2 protein chains.
Amino acid sequence: MLARQTARRTSSQLHQVRNMITAQAVVYTQHGEPKDVLTTHKYEIDDDNLDKNSIVIRTLGSPVNPSDINQIQGVYPSKPEKTTELGTAEPAAVCGNEGLFEVVKVGAGVSKFKAGDWCIPTKVNFGTWRTHALCSDEQMIKVPNPADCKARGREPLTVNQGATISVNPLTAYLMLTHYVKLEPGKDWFIQNGGNSAVGRYASQIGALLGINSISVVRDRPNFEEFARKLSTENGATHVITEEQNNSREFGPEVKKWTKATGGEIKLALNCVGGKSSAGVARKLAPNGLMLTYGGMSMQPVTLPTSLHIFKNITSAGFWVTQLLKSDLDLKLRTLSQIIEWYETRQLKDSPSHENHFSPDADLAACYIHAVDSSKQGKQLVVYQ
Amino acid sequence: MLARQTARRTSSQLHQVRNMITAQAVVYTQHGEPKDVLTTHKYEIDDDNLDKNSIVIRTLGSPVNPSDINQIQGVYPSKPEKTTELGTAEPAAVCGNEGLFEVVKVGAGVSKFKAGDWCIPTKVNFGTWRTHALCSDEQMIKVPNPADCKARGREPLTVNQGATISVNPLTAYLMLTHYVKLEPGKDWFIQNGGNSAVGRYASQIGALLGINSISVVRDRPNFEEFARKLSTENGATHVITEEQNNSREFGPEVKKWTKATGGEIKLALNCVGGKSSAGVARKLAPNGLMLTYGGMSMQPVTLPTSLHIFKNITSAGFWVTQLLKSDLDLKLRTLSQIIEWYETRQLKDSPSHENHFSPDADLAACYIHAVDSSKQGKQLVVYQ
């Protein structure tokens, strides 16, 4: 069914409709496994009769995040509202929370954007798995397009950088800066999942801020080479194995490192849980904080009682969605810092496998393929 | 060996020594099991030549706390300094952290105390397992003796109340009042170990403050009767079993209770750990806090990752020793509230098994017996 999404307008304007954009969106009407519940919905956007504050955007790229998949499955606490706004027979939601867009056309009252500008959604649940969108200018935040970057003598953002900026880099930056005061050149943080996307952003951002880091990774045959790479390319001060993390004998080695800088391990980042979380928490100095932002082992966060009572260790959670929900200013400031590091090539983005979508293909099929490939690494759907 | 503890004084005063008090203290020179390392040390206190700010006190009662035993074993992070101050051949420490004393004599410059006053140690590590002590007036806090209470038309404190006031009642009161704002008549706290000494203080103090409580206790044959008693005598609003605490099916029942008062469960108190800690944490409202003050199951604190990330539950530790170390004012205010509730018989103390010490018995043997009896319940050594 080809439905029509129009801006609100008077009936006298209806006859002016022409040259509509045919858009596609990946939607679901009920929760389940993506392959079972995702369909492509086609609808038209009337870009000749825009409301004053409306903009029409086209998608440059949008990633498949674990939270997007959990949202479709119905097991994620942040959920988009299901509506019939796009002309679906039943109330439906558009998938996807992150993405990079290009402005195609703007309403008469829009001064924040012009055609050709790049933007990302202001909030989650925008529905980024689609070719185009009609929305208000407030629903988008401007990010510099290649021309903007060049004009300032900077390197252009890549589509991958723009499309994946809102979750992982912001998570890493905010965990390192928003809770505990870490003294540059002296203090430390420790993290498990040191080779995860957030983990590599955290060690890089730590290095950019002058904060020392210990990245815990799973043991592997070529560990020495792997660790060296994580240090030289991703800024980790030290890289240790999960076995070392869990070993009491390794404690004094870590103490030597912190003694040498005259600082303390004041922060632990946990995305694994189970005994790995106990291991990183044990290395915290008294009054230290562990932030949990994931649970890859599927084991609960585990904390020896004595760490709570006698070392006053606190264990808290981090969810970028919740933190930034009511603090747009914090989001804008954080984005601005990450963009500056990208433009000056001081920060490397986490690479994605690109899935190219061509307009004659089926969009839902493209994303279902990307979801299936997620185990091989982060997937990005790139639009032509 | 009979040594002599004297206040610092000039050599010209030395000849005045007479009528000394023969004191006994339970000491250890090295850590180990109490029965292996505790000895009685006898020494004399020269109460005729007191320094200006010195006081001589005699012990009315002192309890055996788990932390006292752990301190002797060397596994407790707060440790008294070992000295030869009492005339021991090797540096030794006096056991015990809590106790109630009566002032026997005061130095010329002491205005805070007079003979007959009751007092408790200002700080931990005072060494309370002894018959007498010579100390400065700053090392003691006055508590009302029976005459003081009567003068104000109140009921007298008992020796058990005075001797055990510093740890358990203060722990319960401070956990309920120092971290989370609980709205009287509406809000709730949940605790495991609901039948422990701290647990019973917490439910009583909750009731006195108008805060609703859910006390989790181990299942037992006569549960209904036991629960009723914990409600009527110790103020618990609801009493549930560990099985109910761990059951997802029981969740809606708890929701009904909180809905009826229009409040939330904002605080969880954990002294068990393991799955019991996960159970009480699951019942917290978003942004709730779990305070851990013990680990009776010997299992680490366990927290489902999603509670941290999506419900923003924070898990922290509570240690009364550390909190009050640098905040004497908070200690005085809290003591004053507990004393008022005791004097007006609104708060019931946790009963202790009394071990009576007579001066011709061996003091270390008396405490070793009390330590051995600790599994049968809290032990108090009472002095004649």
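This is a predicted model: local features need pLDDT of at least 70, side-chain atom pairs count only at pLDDT 80 or more; totals for chains, interfaces and linings use all residues.
Residues are numbered from 1 along each chain as its sequence is written, chains are lettered from A and ligands numbered from 1 in the order in which they are written, and side-chain values use heavy atoms, with hydrogens and water left out.

The ring centres of B:Tyr76 and B:Trp319 are 5.7 Å apart and the planes stand at 85 degrees, so the pair is edge-to-face. Rings of Phe, Tyr and Trp (its six-membered ring) pair if their centres lie within 6.5 Å; planes under 30 degrees apart count as stacked, over 60 as edge-to-face and the rest as tilted. The pair links distant parts of the chain, 243 residues apart: B:Tyr76 lies in the loop between helix H2 (66–73) and strand S5 (93–94) of chain B, and B:Trp319 in the loop between strand S16 (314–317) and helix H12 (320–325) of chain B. Helices (H or I, at least four residues) and strands (E, at least two) are DSSP runs, numbered from the N terminus.

## Further aromatic contacts

Over all chains, a search of the whole structure finds 18 aromatic pairs. One of these joins A:Phe101 and A:Phe126 edge-to-face, at 5.8 Å centre to centre and 70 degrees between the planes. A:Phe101 belongs to strand S6 (residues 100–106) of chain A, and A:Phe126, 25 residues apart from it, to the loop between strand S7 (118–121) and strand S8 (132–136) of chain A. A:Phe101 and A:Phe126 are buried.

A:Tyr76, A:Trp319 and B:Phe310 form one aromatic cluster. The charged end of A:Arg220 sits over the ring of A:Phe226, 3.8 Å from its centre; in chain B, B:Arg220 lies over the face of B:Phe226 at 3.8 Å from the ring centre. A charge sits over a ring if NZ of Lys or CZ of Arg is within 6 Å of the ring centre and within 35 degrees of the ring normal.

## Asn192 in both chains

A:Asn192 is placed in the loop between strand S10 (188–191) and helix H6 (197–209) of chain A and is buried, with a relative accessible area of 0%. A polar atom of its side chain lies 2.8 Å from the backbone nitrogen of A:Cys271. Not counting residues up to four places away in sequence, A:Asn192 touches residues including A:Val216, A:Glu242, A:Ser276 and A:Tyr293; contact means heavy atoms within 4.5 Å.

In chain B, B:Asn192 is found in the loop between strand S10 (188–191) and helix H6 (197–209) and is buried at 0% relative accessible area. The side chain of B:Asn192 reaches the backbone nitrogen of B:Cys271 at 2.8 Å.

## Relation of the copies

The same surface serves both copies, as 100% of the contact residues of chain A recur in chain B.

Terms used:
Buried means under 20% relative accessible area, exposed over 50%, partly exposed in between (1.4 Å probe, protein chains only). A polar contact is a pair of N or O atoms within 3.5 Å; within protein, one must be able to donate a hydrogen and the other to accept it, and residues adjacent in sequence count only if both atoms are side-chain atoms.
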